[in-house]
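Visitor: I have a new model open on my screen and would like to learn how to read it. Could you walk me through it?

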Amino acid sequence: MNLWVIVPAYNEAAGIEATLRALEAQTDRDFTLVVVDNASTDGTAEVVRRHGVEVISEPLKGTGAASDTGVRHAIANGATHVARTDADCLPRADWVRNIRRAFDDGLEMVGGRLRPRTDEFPLKFWERRFIPLVVRVAATFGRFRPGNRDPLYKGPYVMMPGCNLAITADLYRRADGFPRTAIEEVHEDRALVNRVRRITSAYGSRRDVVVFGSVRRLRAYGLAGTLAWYADHRYRPDVVDVR
């Protein structure tokens, strides 16, 4: 298994070092890390290079575009398996190890749990509970959403946040990867899951694959706005890229 980890990043100079440190602290360090600089204007690439991490560029703005560029770069350079997290997230120390175990168990695509970061700023009780709640609500809604229901799908809908998923190189190629879109256009993680569902049932979410995600979108959008955003972008703020 030649495992790579891809991190798309846009204007994350102020915070990406925390993500890099979390990846440096993995108990399983047998992976190659690459950050995809998505046309940042704040020196993100320079911060990453100071950590000795490879940086590649994707000028087309969008988490889908940046992630696709990163995954295809990894595959072109020999990756057999690719994991993705985001530049405002902290993978738990056993994240890589447990992803590898999931692949060894026969899965071709792996998702996991998203929990709130507690190091950015003091969290209120409801904020600590809200991110897991959003994921559960989105997962439940996703099972009944018309776009996720099709007799041609080979398995049930599974919620897999883009900041916490991994896939084999072979399946990524067969599924045609992430759509090259911006997050305000399409939830690229949901689109990839549904592309995979047309090909195989060998995918699943593992409780021991854990990433701690930023709550800054929640702070910026509010409770109702965040729920509406994840429910097919029913709330569209003037500024999508919260920093």
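Predicted model: local features only at pLDDT ≥ 70, side-chain atom pairs only at ≥ 80, totals over all residues.

Visitor: Where is Ala 39 placed?

Guide: Helices (H or I, at least four residues) and strands (E, at least two) are DSSP runs, numbered from the N terminus. Ala 39 lies in the loop between strand 2 (32-37) and helix 2 (44-50).

Visitor: What should I look for in backbone angles?

Guide: Most residues other than glycine have a negative phi. Here, Ala 39 has a positive phi of about 65° although it is not a glycine. Asp 176 is another non-glycine residue with a positive phi, near 70°. Asp 176 sits in the loop between helix 6 (169-175) and helix 7 (188-197), and is partly exposed because its relative accessibility is 48%.

Visitor: Is Asp 86, by contrast, buried or exposed?

Guide: Asp 86 has a relative accessible area of 17%, so it is buried. Asp 86 is in the loop between strand 4 (81-84) and strand 5 (90-91). Contact means heavy atoms within 4.5 Å; leaving aside residues up to four places away in sequence, Asp 86 touches Val 7, Pro 8, Thr 19, Gly 162 and Cys 163.

Visitor: Which residues are central to the largest nonpolar core?

Guide: In soluble globular proteins, nonpolar side chains tend to be buried together. A nonpolar core is a set of buried Ala, Val, Leu, Ile, Met, Phe, Trp, Tyr and Cys residues joined through side-chain atoms within 4.5 Å. The largest one here has 31 residues, and Val 5, Ile 16, Leu 33, Val 35 and Trp 95 touch the most other members. Helix 4 gives the largest share of this core, 5 residues. Apart from this core lies another, of 26 residues, among them Val 34, Leu 171, Ala 175 and Leu 192.

Visitor: How many residues of helix 4 are buried?

Guide: Helix 4 (residues 95-104) is mostly covered, with 7 of its 10 residues buried. Among them are Trp 95, Ile 99 and Phe 103. For helix 1, the buried residues pack against strand 1, strand 2, helix 2, strand 5 and helix 4.

Visitor: In what order do the strands form the sheet?

Guide: Two strands pair if DSSP finds at least two bridges between them. Here 8 strands make an open sheet, ordered 3-2-1-4-7-6-8-5, with mixed pairing. Strand 3 (54-57) and strand 5 are the edge strands, each pairing on one side only. Strand 6 and strand 7 (residues 165-168) pair in the antiparallel sense over 3 bridges, and Val 110 stands opposite Ala 166 in strand 7.

Notes: Residues numbered from 1 in each chain as written. Heavy atoms only, no water. Buried < 20%, exposed > 50% of the residue type's maximum accessible area, 1.4 Å probe, protein only.
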